[in-house]
Amino acid sequence: ALVPSLMRRAEWQHRAGYYNDERATYRRAIRIIEDSVGKEDPRLVDPLIKLGESFYYFEPLSHDSSRFVGTSTGEIYLKRANRIAERNEDFPWLEMATTKLALADYYIFSDEYARAKNIYQEVWEELSADEDRLAMRQELLGEPRPIWVESLPAATTGAAGVVDRRDGEIRTGAVTINYMVTQRGRARLGDIKVEPAEFTDMRRMVEREVKRRLYRPMLDEGTTVGSPNLVFRHEFNYSKSELEELREEAAESQQTTARN
């Protein structure tokens with residue numbers, strides 16, 4: 001009963017951004033399993049995967065910081081999870097596939113594309129055996145899937161501080177980005193539009209975040225391929241008064257430029 005409780009706690013710590021605490025909790029769960037049933041038990045696979053994936057994130061979280069922090073550390077846990085799964089003959093085929101994909105995704109994260117590609121191709125072949133597996137192949141490998149993302153703000157600073165929602169004070173805007181995902185899992189941005197156009201800070205924030213995101217690339221006939229013509233849309237709340245202030249600032253800036 002303690003291990004499931006620890007797993008839930010680690011998930012909460014992740015959502016709260018306490019990534020170091022999350023890792024400590026997963027390590028504790030792993031030690032408990034090892035002490036009770038040994039170091040090769042398949043019940044270790046899930047916490048090992050989650051511990052490995054926790055190294056996508058770090059503290060303190062900053063949009064101006066690199067996402068890389070000891071990527072080899074995460075690899076250690078993911079490779080161990082794969083070894084345990086492979087040594088257990090009765091390990092379910094779907095869990096085996098997702099365990100392998102977790103390691104391949106990590107290689108995308110650490111920019112080791114050749115290693116990732118080999119595992120993706122291996123999983124593709126294993127999921128081509130029958131109709132049930134073909135359906136999962138499409139779900140897992142038939143389109144780009146996010147590996148590493150950060151959340152975006154649901155509101156501008158001005159809207160976040162507004163309590164009274166009467167009289168249409170809070171409104172909804174959107175940033176829309178056309179992009180593609182390369183065969184290496186990187187996002188390449190195209191046209192970007194923000195409505196209302198005055199919210200340039202929100203546009204820059206969303207643009208920066210989408211550009212940083214990593215994806216498991218789509219596979220076609222067992223080969224990783226790029227995926228063009230994708231659309232990302234982020235909606236946000238803003239206050240009417242904030243928009244009016246931005247328009248006034250823009251008008252003043254234009255007048256100053258005209259005088260000079």
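Student: What relative accessibility does R83 have?
Tutor: This is a predicted model, in which local features need pLDDT of at least 70, side-chain atom pairs count only at pLDDT 80 or more, and totals for chains, interfaces and linings use all residues. Residues are numbered from 1 along each chain as its sequence is written, and side-chain values use heavy atoms, with hydrogens and water left out. Buried means under 20% relative accessible area, exposed over 50%, and partly exposed in between (1.4 Å probe, protein chains only). R83 counts as partly exposed, with a relative accessibility of 37%.

Student: Which helix holds R83?
Tutor: Helices are DSSP runs (H or I, at least four residues), as are strands (E, at least two), and they are numbered from the N terminus. R83 falls within residues 71–87, which form helix α4.

Student: Which residues does P47 contact beyond its neighbours within four places in sequence?
Tutor: P47 sits in helix α3 (residues 45–53). P47 counts as buried, at 3% relative accessibility. Contact means heavy atoms within 4.5 Å. With those neighbours left aside, the partners of P47 are M7, Y26, I30 and I33.

Student: What separates the C-alpha atoms of P47 and I30?
Tutor: The two residues are 17 residues apart along the chain. Their C-alpha atoms are separated by 6.5 Å.

Student: How many aromatic pairs does the whole structure contain?
Tutor: Rings of Phe, Tyr and Trp (its six-membered ring) pair if their centres lie within 6.5 Å; planes under 30 degrees apart count as stacked, over 60 as edge-to-face and the rest as tilted. A search of the whole structure gives 12.

Student: How many residues apart in sequence are the parts that the F199 and F236 pair ties together?
Tutor: The ring centres lie 5.6 Å apart and the planes stand at 70°, so this pair is edge-to-face. Both F199 and F236 are buried. F199 is in the loop between β3 (187–195) and α9 (200–212), while F236 is in strand β7 (residues 227–239), so the parts tied together are apart in sequence by 37 residues.

Student: How far from the ring centre of W124 is the charged end of R137?
Tutor: A charge sits over a ring if NZ of Lys or CZ of Arg is within 6 Å of the ring centre and within 35 degrees of the ring normal. The charged end of R137 sits over the ring of W124, at a distance from its centre of 3.9 Å.

Student: Are α6 and α7 roughly parallel or roughly antiparallel, and which word applies?
Tutor: Axes are lines fitted to C-alpha atoms, for helices over the stretch in contact, and angles run from 0 to 180 degrees between N-to-C directions. The axes of α6 (residues 113–126) and α7 (residues 131–141) come within 9 Å and cross at roughly 150°. Angles under 35 degrees count as roughly parallel, over 145 as roughly antiparallel, 65 to 115 as roughly perpendicular and the rest as oblique. The two helices are therefore roughly antiparallel.
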